[in-house]
Amino acid sequence: MIRQALDELKQQIPLLDYLQAQDWHPARQLSRGRWMGLCPLHDDRDPSFLVDSSKNLFYCYGCGRGGDVIRFAELYHQLKFPQALGLLRQWHGLAPLLHEVTRFYGVQLQRHAEATAYLHQRGLRSPDVIEHMRIGYAPGGCLRGWLLQLGYSLSALRQAGLVNAIGYDTFCHRIVFPLEGNLYGRSIGRAAPHRFLPAHKGGLYDWQQVRHCPQVILVEGLFDFAVLWQAGFHNVTCSMGIHLNARQFRELRDYRGTVYVAFDSDANQSGQQASQRITSYLASLGVTARRVQLPTGHDPNSFFVQGVGDAQQFQHLLEEEARA
Ligand SMILES: [Zn+2]
């Protein structure tokens, strides 16, 4: 019975799909269905991680570990077997649902002037950045009906955290940014500004796009990310808060370039203290990391939006840190 259920789960989640969702990319193909790439489980500099997509197995010639998708989830997320199963089940169930939700919220953004007005106020004017980040809008009160029409059950929506205990849409009057396996909602009204679904917030934002850049800029908020990206800094990533999770630390630990930490320069110093902690920690691991000193009271978003500086001046801030 148990074996059969495990086999089913493994069939539902092809190892290669799961690896790719965790930002893994094959470096080369050995033969049909067999791929080599950098090992996500140890600090690998020369591709030693073999994936056999027809057998759904992996093996690393560097750290000597191998197995199936469940074993991978155990090692990668540092979980015990039952927790790894739970995580895989959740991932498998949530991915298509969140895809549908993202599409729905994307359409709503075009229909609600208050949402585009808010984006303008936060300096997001380019359709490119909205498309790149797949930004949407949750007006509230219509997602549930739409998803039920598509055949999703109310209990699935509750479990994902999209609908609350009394059956209302959880995200209401929020700009929504899809993450990997989660959603981030920023309130445009009076509700608490930040909201995630109950799932794990995932790794660094857009990490697979930037991990090969010689320099990355790490910001704490997605509106900081958006204005920097819009200003042409496509080597930007975001930790979604000043507290990095284990996976985000691991991504930075394995990164070979220079990390510029551009957290908020707020009056209470919390952003600056956090960036100090992160840069020292990364330095202790041999990763080159620098703190970007923004004018007091500013974050990268307000730097651009309130006209403190432009792309060239932001670039100067980075270069100053590099010389320091
Ligand atoms: Zn390895």
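**Note on the helix packing, the zinc site and selected residues**

1. Ala5, Leu6, Leu9 and Gln12 in helix H1 meet Phe81, Leu85, Leu88, Arg89 and His92 in helix H4, where contact means heavy atoms within 4.5 Å. This is a predicted model, in which local features need pLDDT of at least 70 and side-chain atom pairs count only at pLDDT 80 or more, while totals for chains, interfaces and linings use all residues. Residues are numbered from 1 along each chain as its sequence is written, and side-chain values use heavy atoms, with hydrogens and water left out.

2. Helix H1 (residues 2-12) and helix H4 (residues 81-111) pack at an angle of about 45°, and their axes are 11 Å apart. That makes H1 oblique to H4, given that angles under 35 degrees count as roughly parallel, over 145 as roughly antiparallel, 65 to 115 as roughly perpendicular and the rest as oblique. The axes are lines fitted to C-alpha atoms, for helices over the stretch in contact, and the angles run from 0 to 180 degrees between N-to-C directions. H1 passes H4 in a left-handed crossing, a term used if the near helix is turned anticlockwise from the far one by less than a right angle. Helices (H or I, at least four residues) and strands (E, at least two) are DSSP runs, numbered from the N terminus.

3. Helix H3 (residues 69-77) also packs with H4, at an angle of about 105° and with the axes 9 Å apart, and the two are therefore roughly perpendicular to each other. On the H3 side the residues are Val69, Ile70, Ala73, Glu74 and His77, and they meet Phe81, Ala84, Leu85, Leu87 and Leu88 in H4.

4. Which residues coordinate the zinc ion? Cys39 (SG), His42 (ND1), Cys60 (SG) and Cys63 (SG) do so, at 2.1 to 2.2 Å, donors being N, O and S atoms within 2.8 Å of the metal (3.2 Å for Na, K and Ca). Along the chain these donors follow the spacing C-x2-H-x17-C-x2-C.

5. Buried here means under 20% relative accessible area, exposed over 50%, and partly exposed in between (1.4 Å probe, protein chains only).

6. Eight of the nine residues of helix H10 (residues 222-230) are buried, so this helix is largely enclosed by the rest of the structure. Among the buried residues of H10 are Phe223, Phe225 and Trp229. H10 is followed by Gly232, whose phi is positive, near 105°.

7. Leu148 is found in helix H7 (residues 143-149), and at 33% relative accessibility it counts as partly exposed. Leaving aside neighbours within four places in sequence, Leu148 is in contact with Ser153, Leu154 and Leu157.

8. Gly309 lies in the loop between helix H13 (300-305) and helix H14 (311-323), and is buried, with a relative accessible area of 10%. Not counting residues up to four places away in sequence, Gly309 touches Phe303 and Phe304.
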